Amino acid sequence: MRDVTYPPVIVTAKTLFKVLGMSFQTSGTEHIPRSGGAVLAANHISYVDFVFDGLAAQPSKRLVRFMAKREAFEGATGRLMRSFHHISVDRDHGEQSYATAVEYLRSGEIVGIFPEATISRSMEIKELKTGAVRMAAEAGVPLIPMVTWGTQLLKTKDHESDIFGRGKTIGLHVGPPLAVTGEDPVAETALLKAEMTRLLEHAIAEYPIAPAGQWWAPARFGGLAPTPEEAARLDEEEKAAKAARRAERENG
């Protein structure tokens, strides 16, 4: 793929992060291959996760093609997303985006995916969709688990944004690649979730701010984020509200 905008944007972003005094904790970045296709499966705790997740591939001198919701490809932002060769996802008709991702993988690209599909209000790893496992198996490439931590302090659900993140620390933690066959996508997805949960626990332990009493930390670590059960209820309420607004628009 011909990348004109992606590399200079990364350089600009790194410069901005430095100006803002942001720091990064990284581990396991050597697991991202220097060549060949791979699926990078990351947790989802912020609206800006993909901005940072791609940095984990920089030590291997790779660019990540992220799968993102269709709305991100609208307007001026959409032109930029397309120039990065990211993949638009229509959640109601995902077959085409899945096929495109497999094509990218077979051609040697790294495809980034958020298998939770939506942001985790609990900051825990939610139940995962099987798509990451299935596309890695179909393309015959490794599945690489990853966890980002700290991005929820910039822009996430139900909280005010601090998008410039002055002085914030971002954790980027990558696990060993998983060889998946696709013979039992549910079982292999469970293994992916277990590895991502391990990485999350590592990220929280390494983070310079203790989780106890923090709104952005999981309840089981003493944080004030909703429990997974509470978060699921909030997600359902949000989904119902969106459906009601959509029906109201359609009915005039």
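This is a predicted model: local features need pLDDT of at least 70, side-chain atom pairs count only at pLDDT 80 or more; totals for chains, interfaces and linings use all residues.
Trainee: Is S122 buried or exposed, and how do you know?

Mentor: Its relative accessible area is 3%. Buried means under 20%, so S122 is buried.

Trainee: Where does S122 lie, and which residues does S122 touch?

Mentor: S122 is placed in the loop between strand 5 and helix 5. Leaving aside residues up to four places away in sequence, S122 touches P218, A225, P226, T227, P228 and A231.

Trainee: What makes strand 1 and strand 4 edge strands of the sheet?

Mentor: The open sheet has 7 strands in the order 1-7-6-2-5-3-4, with mixed pairing. Strand 1 (23–27) and strand 4 (87–89) each have a single partner strand, so one side of each lacks a neighbour in the sheet. On average, neighbouring strands are turned by 25° against each other, direction ignored.

Trainee: How do you know that strand 6 and strand 7 pair?

Mentor: Pairing requires at least two bridges. Strand 6 (residues 143–149) and strand 7 (residues 169–174) are joined by 4 bridges, so they pair, and they run antiparallel. Within this pair, T148 stands opposite L172.

Trainee: Which strands does helix 6 touch?

Mentor: Helix 6 (residues 185–206) packs on the sheet and touches strand 1, strand 2, strand 6 and strand 7. The direction of helix 6 makes about 30° with that of strand 6.

Methods. Residues are numbered from 1 along each chain as its sequence is written. Side-chain values use heavy atoms; hydrogens and water are left out. Helices (H or I, at least four residues) and strands (E, at least two) are DSSP runs, numbered from the N terminus. Axes are lines fitted to C-alpha atoms, for helices over the stretch in contact, and angles run from 0 to 180 degrees between N-to-C directions. Contact means heavy atoms within 4.5 Å. Buried means under 20% relative accessible area, exposed over 50%, partly exposed in between (1.4 Å probe, protein chains only).
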